[in-house]
Amino acid sequence: MSYTIDENGYYGSYGGAYIPEMLYRNISQLQDNYLKIINSDAFQKEYKQLLADYAGRPSPLYHARRLSDKYGGKIYLKREDLNHTGSHKINNTIGQILVAKHMNKKRIIAETGAGQHGVATATVSALMGLECVVYMGALDVKRQAPNVARMKMLGAKVITAHSGSQTLKDATNEAIRDWINNPEDTYYLIGSVVGPHPYPDMVARFQSIISEEMQQQLMEKEGAPDPDRILACIGGGSNAAGAFYHYLDNKKVQLLAAEGAGKGITSGESAATSILGSDGIIHGSKTLLMQTSDGQITEPYSLSAGLDYPGIGPLHAHLIKEKRLHVYPITDIEALEAAMELTTLEGIIPALESAHALAILPKLEIRKDEILVINLSGRGEKDMDAYQKYFTYLKKHPKDELEKSFLFVP
Amino acid sequence: MKKITQILEGKNLLSIFLTAGFPTVERTIEILTEIEDYGVDFVELGMPFSDPLADGETIQQSSAVAIRNGMTLATYFEVMKIVRKKTDLPVVYMGYLNQILQFGVEQFCRKCNEVNIECLIIPDLPLEVYEREFKTIFEKHELLISFLVTPTTSDERILKIEELTTGFMYVVSSSSITGRRGKITKKQRAHYEKIKAMKLNKPTMIGFGIHDKKSYELACQYANGAIIGSEFIRYVAKENAAYFLTTLKA
Ligand SMILES: Cc1ncc(COP(=O)(O)O)c(C=O)c1O
C-alpha cells in the first residue's frame, strides 16, 4: 500500500515521533513491539471476540431510504453509533487495552474531547480491572457533562485541564505530561490517529475493522465491495481512517471528510485544519496544524468537542497533500441542521461530530446510481444540551436570520 | 574555542533557565545583563511555546505571559542583540522544534550566529531526527547541541548521546516534567551516581527539580554543575531573583 508508514513512522513527509527524551523508552518499546503483539494469533482472537461479544460488532450497514430520496443515490450509514459506549472509539480502546495488558502496564491514561474516547477507555479499563485516569479540557467537561458522569461511574478519575483553550489539545498535553511523570507502569491510550509513531498507525489498524466490514456488507447488499464515495468527519481522524483504510489504494472510491469549521473559516473561531493549517509539529507528530506565523499553536473552535482540535492525523495530512482526500469545512449551524434532518428523516440522533459528515451531502452532486457510505461515528445523547438550545433558538428566530448571524451561542 | 566550551570545563557551574519575555521583555534584558554578577556561569534562554510538553505549570505560565507580551523568535533575537551590547555571557537557546521550523532552520542558525548563541537545546528533537536532518546544518553554522539524558535512558543510548553531544549532556534529575520541588530522593541520587560512574567524555549538567542551595550543591558533586529553571522563575515572578541567587552560593 502506498499510504502506509515507512520504517521511521512517516506517511510521506508527515508523522514521525518528535518526543522529548523522557518518553523515548516507552515510545520505542511500543514501536518495537506493537506489530508483533497485534499480529499474533492469540491477540487477534481475543480482539475479534471482544469486538463481537462486547462491542456488538459488526455494526450494521443501514440503507437510509428517506435520506437517499432527498439527496439522490443510495446512501448507507455505517452504524458505529450502535457500538457499545456509543461510538467507534471502542474499536480502538479494546485493541489498545489488550496491547497494554501484553506490556504488563497497570495504569491507563487517556485524553478526551467529546468524552467518547474517555468513556470507551474507562469502559475497557473497568473490563480489565485497570486503574484509569482521563484528562479532559474544562470547557469539554462542561459541554459533555453526561460523558463525565459515565466515566466516573465506570471508576475513572477525570482530571480537568485548565490550560489553553481548555479543550482536546490541552487535555492531550496533560496526558503526555502525566506519562512523562509516570514512565514505569503507565500506558497512554491515545484516542485518535494522532501523536508520535506508532500511535497513528496502531489506531488506524484498530479502526480498520470499519472498512473491513463495509467491504463484506456491500458485497452482500450490492454484489460489489466498493462504494463510490465514503464520507466521514475528522477530529484527529480515527473514524475516517478506519472507514477509508481498506479503500486507500482503490482510487475508484472517492474519500470525503468533514472538519469542524466552527463559526466559519474566516471567523477566527474555527477548527478547519486542512484550510487554516500549515506544516508543523503537534503532540509529537509532524502534520498539518493551525498555528501563528511564529509557530505558536492556535486555539481552535468548534461546537463539536470531538472536532475541536488544531491538528489532524499525519495520514490525513498526507492524503490531503496527495489529493487523495477532499475535505469540506462544515460550520456549527450546518452540522446542527444535518443532525436535525437525520433525526427527522431516519429517526437517528447522531453525535454532533458525525453530523458534520452528514452535512457534506447538500454540497455534493449525486448521481442516481451512486453508492455512498457515511460513517456515522457516534450517537447524539451527549449532545442533547446543544441540540435543545438550538431548537429553542429556532423557535424564537427565523431560520434565514440564523444562517447569516452568529447570534446562536450554545 | 567557544566561550561556552571553555566554561563547561569548569566545576560547580551554575546555570539559570529563564523564559524570554517573562515577566516583561525589558525585565528579561535586565536579568541577562546583570546575572553574571551573581555568579551565574551561563544562561538558558527559553523561547516560550504555547504547548510545552515537557514543562510543568511554572514554565507553562511564564510562557503564556511571555507570548502575551509579544515574544516571537524575531523579538528573541532583538533582545539578544541588545544584551550583546552589554555582556558576552554565554546564552544557550532552549526551545521546541516547531518554532525553529516555522522560522526556517537556516535563518535560525544565522540569527544565532549573529547574536553569539553558541549552543542549542531542543527537547523535542530526538537524537535520530537530529542525526538524519539537522546535524549537518547545525555543524555548518558551528552551533553546539545538548541532549537530555533521563533516568529511563539506557546505557547504550547514553553512550550514543555522548557521541553526538557537542555542548553538554543535560542530565534530567528525575522522571518528571520541569518544576517539581521537594527533596532529592535516593532514586535520584542513584541516577546521579550512575551517570558519574560512566565517566562520560562530555560535560554534564544536572537539571529539573534543582531548587535550592542543597539540591544545587548535591548535583555539583556528580556533574559539572546544575541548572535551575522553574524555581528561578518563581523568584522572578516575586521580584526576588537577585536574593535567590545570593542564597545559592552563600
Ligand atoms: C462520535 C465521534 N465522532 C468523531 C470523533 C472525532 O474523532 P476522530 O476524528 O478520531 O474519529 C469523536 C471524538 O471524540 C467522536 O466522539
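Modeller: Start with a cut-off: a residue is buried when its relative accessible area is under 20%. Bear in mind that this is a predicted model.

Biologist: Okay, so why is Arg177(A) called buried?

Modeller: Arg177(A) has a relative accessibility of 3%, and the limit is under 20%, so Arg177(A) counts as buried.

Biologist: What does the side chain of Arg177(A) meet in a salt bridge?

Modeller: Glu174(A), at 2.8 Å from N to O. Both residues sit in helix α8 of chain A (residues 168-181), three residues apart, which is about one turn of the helix. As a rule, an α-helix has 3.6 residues a turn, so residues three or four places apart point the same way.

Biologist: What makes the pair Glu46(A) and Lys101(A) a salt bridge?

Modeller: The rule asks for a Lys or Arg side-chain nitrogen within 4 Å of a carboxyl oxygen of Asp or Glu. Here N to O is 3.7 Å, so the pair qualifies under that rule. The two residues are 55 apart: Glu46(A) belongs to helix α2 (residues 41-53) of chain A and Lys101(A) to helix α4 (residues 89-102) of chain A.

Biologist: And why are Glu46(A) and Lys101(A) called partly exposed?

Modeller: The class runs between the buried limit, under 20%, and the exposed one, over 50%. Glu46(A) has a relative accessible area of 33% and Lys101(A) one of 37%, so partly exposed is the label for Glu46(A) and for Lys101(A).

Biologist: Over in chain B, how do you know that Glu131(B) and Lys160(B) tie together parts separated in sequence?

Modeller: Their side chains meet in a salt bridge, 3.3 Å from N to O. Glu131(B) is in helix α7 (residues 127-140) of chain B and Lys160(B) in helix α8 (residues 155-164) of chain B, so the parts being tied are 29 residues apart in sequence. Glu131(B), at 35% relative accessibility, is partly exposed, and Lys160(B), at 30%, is too.

Biologist: Why are α11(B) and α12(B) called oblique to each other?

Modeller: Helix α11 (residues 230-237) and helix α12 (residues 241-248) of chain B have axes that cross at roughly 140° and come within 7 Å. Roughly antiparallel would need over 145 degrees, and roughly perpendicular stops at 115, so the pair comes out oblique. From α11(B), Glu231(B), Phe232(B), Tyr235(B) and Val236(B) make the contact, and from α12(B), Ala241(B), Tyr243(B), Phe244(B) and Leu245(B) do. By class, that contact has seven nonpolar residues, no polar ones and one charged.

Biologist: What makes helix α9 of chain A largely enclosed by the rest of the structure?

Modeller: It's the count: eight of the nine residues in that helix (residues 199-207) are buried, so the helix is largely enclosed. Among the buried ones are Tyr199(A), Met202(A) and Phe206(A).

Biologist: How many salt bridges run between chain B and chain A?

Modeller: Two. Asp51(B) and Lys169(A) meet in a salt bridge at 2.8 Å, N to O. Asp51(B), together with Leu53(B) and Thr152(B), supplies 23% of the area that chain B buries against chain A, more than any other three residues. The contact takes 37 residues from chain B and 33 from chain A.

Notes. Residues numbered from 1 in each chain as written. Chains lettered and ligands numbered in written order. Predicted model: local features only at pLDDT ≥ 70, side-chain atom pairs only at ≥ 80, totals over all residues. Heavy atoms only, no water. Buried < 20%, exposed > 50% of the residue type's maximum accessible area, 1.4 Å probe, protein only. Helix = DSSP H or I, 4+ residues; strand = E, 2+ residues; numbered from the N terminus. Axes fitted to C-alpha atoms, helices over the stretch in contact; angles between N-to-C directions. Parallel < 35°, antiparallel > 145°, perpendicular 65-115°, else oblique. Contact = heavy atoms within 4.5 Å. Nonpolar A, V, L, I, M, F, W, Y, C, P; charged D, E, K, R; others polar. Buried area = accessible area lost by both parts, 1.4 Å probe.
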